[in-house]
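Thank you for making time this morning. I would like to walk through one structure with you, slowly, so please keep the picture in view while I talk.

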Amino acid sequence: MENGEFTERFNALIKPTQPMDQFVIDIHNITNEMVADAPPISEVIGEFHEFIQDGTLVAHHAPFDMGFLAYEFEKVGLGLPKKPVVCSSLYSRFNLSGVENFRLQTLVKHFNIDGGQAHRATDDAEACLKVLLMQLESHKNSEELTVPEIMKLQGRKLSWFEYSIEHLRQFETTAAIVEALEMQLPLAIIYKGGSRPGQMRTILAEGIVRNPNGDYLVAKDFGDEEGQSKRFYLSRIKEASVNT
């Protein structure tokens, strides 16, 4: 968007590394058949990286998206964007009252905005930008607000560096976690907390979430009979080694 008008759009279907289950399909109504011939993200991420270079990104629950994108950028050797990101969810939490929650669709209804089809990327992207603009317009001299001032209003600066996986490779413990995740190998850890604090346990890493409230690893614990995925906060993992 420039000067209040949408000037360019980027939209692409991506074939996921594994088939989507029905729960995911029910959210956005995109089926496995629809993405059967779509390219993998590695073939599209470069074009998206170029598309966003000159702009300030706005996203709803931006940290969630930044974590996934930062990983994909670095995996193909692209640098992380320099400009911080504006989060319409964070901004709403700090500046809006009188709403039941801060989900995008709740805010779309609150501001009586045409949000298009919920959970579709282009419609949600436009909706979250409109939600932010509606709130910015309520400030005096809103046209003169700078990005750093908006960052202060949303409570914190969202920098891409916070979501760098390459940064984690510089430290012995987190480097082992990243290696196990990428190679899909079991990982032996000593965790400070949980049901077996200080004891060695073997897990299978499923994903790393760079989170402003504490980075964590999503993994299955081989010692858990229920076999459910759990969160292991990186700050509590005292030792980690890959089981080859």
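This is a predicted model: local features need pLDDT of at least 70, side-chain atom pairs count only at pLDDT 80 or more; totals for chains, interfaces and linings use all residues.

Let me begin with a question: does N3 count as buried or exposed, and why? N3 counts as exposed because its relative accessibility is 82%, where exposed means over 50% relative accessible area, buried under 20% and partly exposed in between, with a 1.4 Å probe and protein chains only.

Residues are numbered from 1 along each chain as its sequence is written, and side-chain values use heavy atoms, with hydrogens and water left out.

N3 lies in the segment before α1, residues 22-28, and its phi is near 55°, a positive value in a residue other than glycine. Helices here are DSSP runs of H or I with at least four residues, strands are runs of E with at least two, and both are numbered from the N terminus. N29, in the loop between α1 and α2, also has a positive phi, of about 60°, although it is not a glycine; at 46% relative accessibility, N29 counts as partly exposed.

Finally, consider helix α4, residues 88-95, whose buried residues are S88, S89, L90, Y91 and S92. What covers them includes β1, β2, α5, α6 and α7. With α6, helix α4 packs at an angle of about 30°, their axes 9 Å apart; axes are lines fitted to C-alpha atoms over the stretch in contact, and angles run from 0 to 180 degrees between N-to-C directions. The two helices, α4 and α6, are therefore roughly parallel to each other, a term for angles under 35 degrees. In this contact, S88, Y91, S92 and N95 of α4 meet C128, V131, L132, Q135 and L136 of α6.

Terms used: Contact means heavy atoms within 4.5 Å. Angles under 35 degrees count as roughly parallel, over 145 as roughly antiparallel, 65 to 115 as roughly perpendicular and the rest as oblique.
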